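Here are my notes on the model, point by point. Please read them with the structure open.

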Amino acid sequence: MQTSVNVFLGLFIFEFAGAAPITDTIIYDSEFYDIPLGELPHPFAYDENKQSDQVETEIGTELRSVIQESYSSAPLTEETEDEASTPKLIDGSSVQGSGVLGPQTQDGLPTCLLCTCLGTTVYCDDRELDAVPPLPKKTTYFYSRYNRIRKISRNDFANLNLLKRIDLTANFISEIHKDAFRRLPQLRELVLRDNRIRQLPELPSTLTFIDVSKNRLGRRGIPNEAFKNLDELQHLYITDNNLDHIPLPLPESLQALHLQNNNIQEMHEDTFCKMRDFTYVRRALEDIRLDGNPINLSKTPYAYMCLPRLPVGNLI
Ligand SMILES: *[C@@H]1O[C@H](CO)[C@@H](O)[C@H](O)[C@H]1NC(C)=O
């Protein structure tokens, strides 16, 4: 089985159309590779080329009207005990000086008036924010896209022990304190695309999804072995960053690696595979994008032997 996969892959090298999506260019027979189809796709299809997330924007707008209704009908002074009623505002009362509308921002406005809080999700998209607002302690999902945030400080996300997703797409972030995300024990998804980031901070090992596309990481922005201990990481998107190398080592759990439009010129035979162990198979990694890089994938034919699919890029 192993040998036949390798031979088949060896014969499989052909020309790819530069930017064509992988689904159009590869016929993938899941039975042949012995991988159950159910394991393959990500639970939600993520199009990192999308400029704005229209669906979520629409949801956000609806939520805002729902939450405004609940403001006008609910007494603001005291929290009701009614656990079953939805939507429920975040209880920010444990944060000093904060009430049912969350902690006070610098402008003196509570976070949940400036933004929209629904359940434990805080939506701050497109509010002209220039800093991360103080978040209620129970926040699990935080969206702050299309703002003017320039800097992430050490304590912006301090003590948010339930935080699972941070989305800061399309801000002006150029600086992130190295420990800003490190002590978030539940953080799964970190989206920092379309900013001006030059240096990646320390990353918590719970992350499954990282998108730092469209930044300025360049040659040195990714520390050595930055992803090595992220053993739940499934999706890593670092397109459009002027990177000149593939960050190594890649965790075994990785399913998708998008590195389009960088400056990667070469790859080693054991970037993905193990030249000393021809029985090794990297089963999970089935979506590698290297198109838009000055790299000739035909030069390293043995580098793909252990993969379920060939990378997309120039095979010329
Ligand atoms: C790419 O590499 C292959 C194999 O070394 C070589 O035959 C081919 O000419 C190269 N193509 C370009 C455009 O350099």
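1. The side chains of Arg145 and Asp125 are joined by a polar contact of 2.6 Å. A polar contact here is a pair of N or O atoms within 3.5 Å; within protein, one must be able to donate a hydrogen and the other to accept it, and residues adjacent in sequence count only if both atoms are side-chain atoms. Arg145 sits in the loop between strand E3 (141-143) and strand E4 (151-152). Arg145 is buried, at a relative accessible area of 5%. Buried means under 20% relative accessible area, exposed over 50%, and partly exposed in between (1.4 Å probe, protein chains only).

2. A word on the basis of these values. This is a predicted model, in which local features need pLDDT of at least 70 and side-chain atom pairs count only at pLDDT 80 or more, while totals for chains, interfaces and linings use all residues. Residues are numbered from 1 along each chain as its sequence is written, and side-chain values use heavy atoms, with hydrogens and water left out.

3. Confidence deserves attention. pLDDT is the predictor's confidence in each residue, from 0 to 100. The chain has a mean pLDDT of 78, and 68% of its residues reach 70 or more. Over residues 1-97, pLDDT stays under 50. For that stretch the model has 136 contacts beyond four places in sequence. Contact means heavy atoms within 4.5 Å. Where pLDDT is low, the predicted coordinates should not be read in detail.

4. Now the overall make-up. The chain has four helices and 11 strands. Both are DSSP runs, numbered from the N terminus: helices (H or I) of at least four residues, strands (E) of at least two. Of the 316 residues in the chain, 49% are buried. Among contacts with a separation of 6 or more, 49% come from residues 24 or more positions apart. The chain exposes about 16,300 Å², with 48% supplied by carbon and sulfur atoms. Accessible areas come from the Shrake-Rupley method with a 1.4 Å probe; for residues, only the protein chains shown count as cover.

5. How many disulfides are there? The count is three, taking a disulfide as a pair of cysteine sulfur atoms within 2.5 Å. With bonded cysteines counted along the chain, the pattern is 1-3, 2-4, 5-6.

6. Take the disulfide of Cys112 and Cys117. Their sulfur atoms are 2.0 Å apart. The link of Cys112 and Cys117 is left-handed, with -85° about the S-S bond. Cys112 and Cys117 are buried. Cys115 and Cys124 also form a disulfide, with sulfur atoms 2.1 Å apart. The link of Cys115 and Cys124 is right-handed, with 105° about the S-S bond. Cys115 and Cys124 are buried.

7. Cys273 and Cys306 form a disulfide with sulfur atoms 2.0 Å apart. Their link is left-handed, at -85° about the S-S bond. This pair links distant parts of the chain, 33 residues apart: Cys273 is in the loop between strand E10 (256-258) and strand E11 (287-289), and Cys306 is in the segment after E11. Cys273 is buried at 5% relative accessible area; Cys306 is buried at 3%.

8. Which residues touch the most other members of the largest nonpolar core? They are Phe142, Ile152, Phe157, Ile166, Phe181, Phe227 and Phe272, in a core of 62 residues. A nonpolar core is a set of buried Ala, Val, Leu, Ile, Met, Phe, Trp, Tyr and Cys residues joined through side-chain atoms within 4.5 Å. Not counting residues up to four places away in sequence, Phe157 touches residues including Val132, Leu135, Leu163 and Leu184.

9. Strand E8 (residues 209-211) holds Phe209. Phe209 counts as buried, at 0% relative accessibility. Phe209 and Glu232 are 23 residues apart in sequence, and 8.8 Å apart C-alpha to C-alpha. Thr208 lies in the loop between strand E7 (189-191) and E8. Thr208 is buried at 11% relative accessibility. Beyond residues up to four places away in sequence, Thr208 touches Arg188, Glu189, Glu232, Leu233, Gln234 and His235.

10. Leu230 is in the loop between E8 and strand E9 (235-237). Leu230 is buried, with a relative accessible area of 2%. Leu230 and Pro251 are 21 residues apart along the chain, with 6.5 Å between their C-alpha atoms. Leaving out residues up to four places away in sequence, Leu230 touches Pro251 and Ser253, and also Leu203, Pro204, Ser205, Leu207 and Ile210.
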